[in-house]
Every structure is written in structure tokens, then in C-alpha cells.
Amino acid sequence: MNRERALQVVLVVVGLFYSLCGYILFDNLWHLRWFSGHDVMPMFLSLNTTLGVCLLMAAKQPAKHRLTIAYGAWSSLAHGFTMTIMSAQALAHGMHRKDSPQDIVIFVVIGVTLLALLPAKQPSPAGAPIREPRVAER
């Protein structure tokens with residue numbers, strides 16, 4: 001399997017994973033789960049749902065959607081690192097977060113995999129670097 005095909009498979013799997021957040025979002029909103037102090041969760045789920053749809057659309061032509069894929073990678077890594085810090089702080093205060101460490105590993109693996117398979121930058125359409133126009137000499 002070549003690199004682009006592997007990236008397409010990963011984008012579909014990750015895109016479906018993030019799109020499933022839409023179901024959880026709907027369930028949270030429908031049953032007013034956010035009303036009991038979890039008001040950040042629906043906002044987080046809406047961002048992940050949107051990211052999932054964008055990654056699914058990027059799977060068709062990954063080279064044209066490099067920025068979307070990079071955003072998916074870096075946002076996953078940022079999420080994993082934020083969860084790591086929160087888990088360490090909770091542990092230092094004698095608490096345990098129920099979503100760690102497995103969720104941390106999942107988000108870091110997603111981020112690293114997307115970065116590893118990120119398509120190379122495409123050259124500019126004219127093939128030459130963009131230059132400033134020359135000012136006419138007097």
C-alpha cells in the first residue's frame with residue numbers, strides 16, 4: 001500500500017471516529033446532560049464533529065487538503081497533551097480522571113500518524129517562487 005492510500009484509509013478511520021462525536025453531541029443536547037455542569041462538552045464535541053467531516057472530505061484528495069490534515073494532527077496532539085497535563089494535576093491532588101491514559105494515547109497516536117503521513121508541500125502553480133515586483137529605476 002502506498003503512502004497516499006494509507007493516508008486515505010487513516011483519514012476515513014479518523015474522520016469517522018471524530019464524526020461519531022456528532023451522535024454524542026446530539027445525545028448530550030437532547031437529554032440536557034450539559035446542564036449539570038458539563039457545559040464545555042457540547043462545544044468540544046461540535047468542533048470534533050466538524051473536524052471529522054472535514055477529514056472525510058480530505059480523504060478524496062489528500063494533497064489538496066494538506067492544511068486540514070495538519071490541523072487535524074496538531075489539534076489531536078494539543079488535545080492529548082492538555083489531557084496529560086490535566087491528568088497529572090488531578091493525580092497530584094489525589095484524584096483520577098476516568099478518561100486517562102487510554103484517551104491520551106488515542107489522541108497522540110492520531111496526531112503522530114496524521115503528521116507522519118502528511119502530504120508533501122506542492123510547488124506553486126507556476127513552479128517558481130513568488131517575488132516582489134521590481135521598482136523602476138530613475
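These legends accompany close-up views of a predicted model.

Local features are given at pLDDT of at least 70 and side-chain atom pairs at pLDDT 80 or more, while totals for chains, interfaces and linings use all residues. Residues are numbered from 1 along each chain as its sequence is written, and side-chain values use heavy atoms, leaving out hydrogens and water.

View 1. Helices (H or I, at least four residues) and strands (E, at least two) are DSSP runs, numbered from the N terminus. Of the 138 residues, 28% are buried. Buried means under 20% relative accessible area, exposed means over 50%, and partly exposed lies in between (1.4 Å probe, protein chains only). Among contacts with a separation of 6 or more, 73% join residues 24 or more positions apart. A contact is a pair of heavy atoms within 4.5 Å. The chain exposes about 10,100 Å², and carbon and sulfur atoms supply 68% of that area. Accessible areas come from the Shrake-Rupley method with a 1.4 Å probe; for residues, only the protein chains shown count as cover.

**View 2. Helix H2 spans residues 21-30 and has Cys21, Leu25 and Asn28 as its buried residues.** Seen down the axis of H2, these buried residues fall within an arc of 65 degrees, so they line one face of the helix. The arc is taken from the directions from the helix axis to the C-beta atoms. Tyr23, Phe26 and Trp30 are exposed on the other side of H2. The cover over the buried residues of H2 includes H1 and helix H3 (41-58). Leucine 32 follows H2, with a positive phi near 55 degrees.

View 3. Cysteine 21 has a relative accessible area of 10%, so it is buried. Cysteine 54 reaches 30% relative accessibility and therefore counts as partly exposed.

**View 4. Val12, Leu16 and Leu56 form a nonpolar surface patch.** Together they have about 220 Å² of accessible area. Patches are made of residues with over 30% relative accessible area and no salt bridge; like charges are joined within 9 Å and nonpolar side chains (Val, Leu, Ile, Met, Phe, Trp, Tyr) within 5 Å. A salt bridge is a side-chain nitrogen of Lys or Arg within 4 Å of a carboxyl oxygen of Asp or Glu. Valine 12 belongs to helix H1 (residues 3-19). Its relative accessibility is 35%, so valine 12 counts as partly exposed.

**View 5. Serine 76 sits in helix H4 (residues 66-92).** Serine 76 counts as buried because its relative accessibility is 1%. Beyond its neighbours within four places in sequence, serine 76 is in contact with Tyr18, Phe107, Ile110 and Gly111.

**View 6. Serine 87 also lies in helix H4.** Its relative accessible area is 13%, so serine 87 is buried. Serine 87 touches Arg97, Ser100 and Ile104, leaving out residues up to four places away in sequence.

**View 7. Glutamine 61 lies in the loop between H3 and H4.** With a relative accessible area of 40%, glutamine 61 is partly exposed. Glutamine 61 and glutamine 8 are 53 residues apart in sequence. In space, their C-alpha atoms are 8.2 Å apart.
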